[in-house]
Amino acid sequence: MNHKLIIACIIFFYSQQAFSQQKVYKKIKEIKKVPANIRLGYWGGIGFPGLRMGIELPLSVVYKHKTKKSGKIKSVTKKRYLVSNFGWYHHKGFHDNLCLTVGYTYRRISKNGFFLSYSPEIGYSRTFLGGTTYQVDNEGNVSIKKRAGYHYATLMLSGGLGWKLSIKNVMPVTVYSRLNLMLMFPYNSKIYLRPNFELGTSFTLAHFLKKKTKHTTKTL
Amino acid sequence: MLISKTVQMKQSTLLLIICTLCLLSCQQEKITIGTNVSETVYLDNNGASMRMLIEGNTSSRTFLLFIHGGPGTSAFFYNTDYLSQHLENRYALVYWDHRNSGASQGNTNQKYLNLPQMTEDLKKVIQVIRHRYGNHSRVFIVGHSFGGLLASSFMTTKDYQKMVNGWIVAGGSHNYPLNNILTRDMLQEIGEKEYQKKRHTSKWKEIIDYCQHLPDHMTLEQANQLNTYATDAENLIDGITNFDVMTFIKKYGIKDKWPITSIFLNHSYSQGASFNHDLAKTEFSSQLPKITTPTLLIFGKYDFICPPGLGQDIYHLVNTMSKKLVISEVSGHSVMFQDESLFCEEVSAFIDTYQ
């Protein structure tokens, strides 16, 4: 009995493989000029406020349409962006941080406008210490160090979700939230990790930084 | 068109200036003399910017400076509601994070992470206090755990002890090799009593077995394992006021805006840093007779990490008649949390006498 079940499973598996090999998408490629997105949002944690803004330059857009057995069409849009962000947060008594990053964002948008995205970014942070900073020389003279703070290399990993309102409305606006893990180094000879979240909106201005972008439509 | 661009440029420049000023405003020197002050300043020294939180009654011109343990924990932990209500109303308390600890910041600075450098840092912290609040300010230092070793280093270096009006050791160490021997002997002695009373027998047996094979001169690894057992042992004794670090983090972490990840990562780095090998051999017993400054020693009866025997050693060796050894019956390693009222009463009485 068991043998029969195993054989049936193998046949089913290979039949699926064979069937899937027959799935050939019809591809249409074209180049379109697409404007960049501008983002603006709250960036920080509970009690640590900040702001983050940035630009998303489109790299590629893939529209995938698949007709289901029921006749319904499942559509997904996959977008890739080159992103640059500039942010600031204030952690009272600890530091203020100005952070500039560049990275890549992948976004998977469903038919109703809901999307998931993730984004690795690298960049630079400049912190300003959260209090008057003193230096004392060997004679015991005390002076104030101006613009006291540090420079760090920064890595940021983000994952989030959002809603593209322009799918159902004419408004070219997206709202999003993201969880970020920010890593700064060398921090006291090691690393500093800072989880934070972002809540914001992005919008598109019709003629802002238009860039030629590869659009691929895949239909099954 | 040209005029419009000039105006736009002026507006942008103005905006940039305003943003920069806002950013740097918290670095402007602000010295508050009052009874309920809270100010954060930093000391920048050899690759590290160390946080000093000054809270309480600065108008008293009397400062109690906490030297935390670790190495690598944080002074944030001492800033409790009880200490605020019972000490900050009378004096100003200075919560200083050592280099590579707590909220202290820097880049690559491991070459400066050593006891002599930290001793110089402490001297400069006191110089900053005097610069801000006047040369006639009275400074008392209180060292806890590793902070006891740092305070001992400070008190026995050159004539630094003249910078303070008194030093307090609260469950602190001044001699790591002696500390190890005292911990081993205390674990064995109390462990055997507890074992006979059939309390936590399996754990006590494990601890006693480990201690039996330890030589007087221990390696860093043996000392670290002993320290782990000493921490465990405190939780095996009935009648001790429990102290849980996580409870503190939950209670004060968000409210007081602790940089929690910085505290953990700094602690993890400092615990594993190479200077711990030097610390393991460090002792100041031989230098304590230099100390003529008033001395208060507060130890927990069940402090296995820094046993009361360390307090007795300091008491017998310091060269002053102004000294007192207090043992808390309900405390382990953290007398300032486990016996808050005794700690505040003794510290207040000591400061009032010698300020």
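1. Both A:Glu56 and A:Arg39 are buried, where buried means under 20% relative accessible area, exposed over 50% and partly exposed in between, with a 1.4 Å probe and protein chains only. The two side chains meet in a salt bridge of 3.3 Å, N to O, a term for a side-chain nitrogen of Lys or Arg within 4 Å of a carboxyl oxygen of Asp or Glu. A:Glu56 sits in strand E3 (residues 50–67) and A:Arg39 in strand E2 (residues 37–44) of chain A, 17 residues apart; helices (H or I, at least four residues) and strands (E, at least two) are DSSP runs, numbered from the N terminus.

2. This is a predicted model, in which local features need pLDDT of at least 70 and side-chain atom pairs count only at pLDDT 80 or more, while totals for chains, interfaces and linings use all residues. Residues are numbered from 1 along each chain as its sequence is written, chains are lettered from A and ligands numbered from 1 in the order in which they are written, and side-chain values use heavy atoms, without hydrogens and water.

3. In chain B, B:Asp81 forms a salt bridge with B:Lys251, with the closest N and O atoms 3.9 Å apart. Because B:Asp81 lies in helix H2 (residues 81–88) and B:Lys251 in helix H8 (residues 245–252), the pair ties together parts that are 170 residues apart in sequence.

4. B:Lys205 and B:Asp209 also meet in a salt bridge, at 3.0 Å, N to O, and they are four residues apart in helix H6 (residues 201–212) of chain B, separated by about one helical turn. B:Lys205 is partly exposed at 42% relative accessible area, and B:Asp209 is partly exposed at 31%.
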